[in-house]
Each structure stands twice: as structure tokens, then as C-alpha cells.
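Colleague: I would like to walk through this model with you. Can we take it one question at a time?

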Amino acid sequence: QIFAIFDGHGEYGKAIAEAARSIFRLLLQKYSEEIKNENSILSIETILKKVLEKTNSYILHYHVEEAQFSGTTALVALITDKKIYIFNVGNSRAVLA
């Protein structure tokens with residue numbers, strides 16, 4: 001299972017967060033088989049870091065005007081049979097309770 005929250009800020013924050021969510025989902029689908037495969041050459045950490053970096057690059061390239069004064073944070077939780085992975089971009093944090 002994977003959970004992701006994109007919290008936009010600034011005048012175009014909502015649009016940036018929605019675009020980030022969409023591209024993140026598409027990129028994640030590209031790597032879904034590798035994430036499911038425990039014997040994958042790439043680690044889950046590497047895959048999710050790559051997906052988040054590519055999401056950021058997409059936003060900066062295709063939403064130049066909006067991204068000058070707005071943005072989004074991201075909080076991602078990936079739950080596997082053996083581990084819980086938490087990733088954050090910006091000032092969003094997760095609390096496990």
C-alpha cells in the first residue's frame with residue numbers, strides 16, 4: 001500500500017499539488033513491478049527518491065510560472081509486508097502512533 005499527501009502553498013499551490021500528485025502516480029506505476037519485487041536491483045528507497053525527483057523536475061519544467069511563487073510539500077508512506085517507508089519533501093512530517 002502507498003499513501004501520498006501533496007500540500008500546496010502559495011497562489012498556485014493547489015494546481016502544483018494536483019500536478020505533482022498526477023505525475024507522481026504515473027511515475028510510480030512505471031516502477032510498480034520493481035517495488036513489488038523484493039529482489040529488484042533498485043532499492044525501494046532509490047525508486048521513490050527517483051520518482052520524487054522526477055516529479056519535481058516535471059513541475060519545474062512544465063509549470064514554470066506557477067512554480068516561481070508556489071509549490072507543494074510531499075509526504076509518502078509505503079507499506080510492505082516487512083517494512084514501512086516514509087519519505088518527505090519540504091516541511092511535512094509523519095507521526096506513527
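**Sheet, helices and core**

Colleague: Which residue in β3 is the bridge partner of A77?
Modeller: First, the ground rules. This is a predicted model, where local features need pLDDT of at least 70 and side-chain atom pairs count only at pLDDT 80 or more, while totals for chains, interfaces and linings use all residues. Residues are numbered from 1 along each chain as its sequence is written, and side-chain values use heavy atoms, with hydrogens and water left out. In β3, A77 has as its bridge partner I86.

Colleague: How many bridges join β2 to β3?
Modeller: Strands are DSSP runs of E, at least two residues long, and helices are runs of H or I, at least four, all numbered from the N terminus. Two strands pair if DSSP finds at least two bridges between them. β2 and β3 run antiparallel, and the number of bridges joining them is six.

Colleague: What is the strand order of the open sheet, and which strands are at its edges?
Modeller: Three strands pair antiparallel in the order β1-β2-β3. An edge strand pairs on one side only. That makes the edge strands β1 (2-9) and β3.

Colleague: By how many degrees are neighbouring strands of this sheet turned against each other on average?
Modeller: Axes are lines fitted to C-alpha atoms, for helices over the stretch in contact, and angles run from 0 to 180 degrees between N-to-C directions. For the strand average, direction is ignored. The value is 10 degrees.

Colleague: What angle does α1 make with β1?
Modeller: α1 packs on the sheet and touches β1 and β2 (contact is heavy atoms within 4.5 Å).

Colleague: Is T55 buried or exposed?
Modeller: T55 sits in helix α3 (residues 44-62). Beyond its neighbours within four places in sequence, T55 contacts A20, I23, F24 and L27. Buried means under 20% relative accessible area, exposed over 50%, partly exposed in between (1.4 Å probe, protein chains only). T55 has 4%, so the label is buried.

Colleague: How far is the backbone oxygen of V51 from a polar atom of the T55 side chain?
Modeller: V51 also contacts F24, L27, L28 and Y31, leaving aside its neighbours within four places in sequence. The distance to the T55 polar atom is 2.8 Å.

Colleague: Why does the F6 and F24 pair tie together parts that are apart in sequence, and how many residues apart are they?
Modeller: Rings of Phe, Tyr and Trp (its six-membered ring) pair if their centres lie within 6.5 Å; planes under 30 degrees apart count as stacked, over 60 as edge-to-face and the rest as tilted. F6 and F24 are edge-to-face, at 5.5 Å centre to centre with 65 degrees between the planes. F6 is in strand β1 and F24 in helix α1, so the parts tied together are apart by 18 residues.

Notes
Polar contact = N/O pair within 3.5 Å; in protein donor to acceptor, adjacent residues only side chain to side chain.
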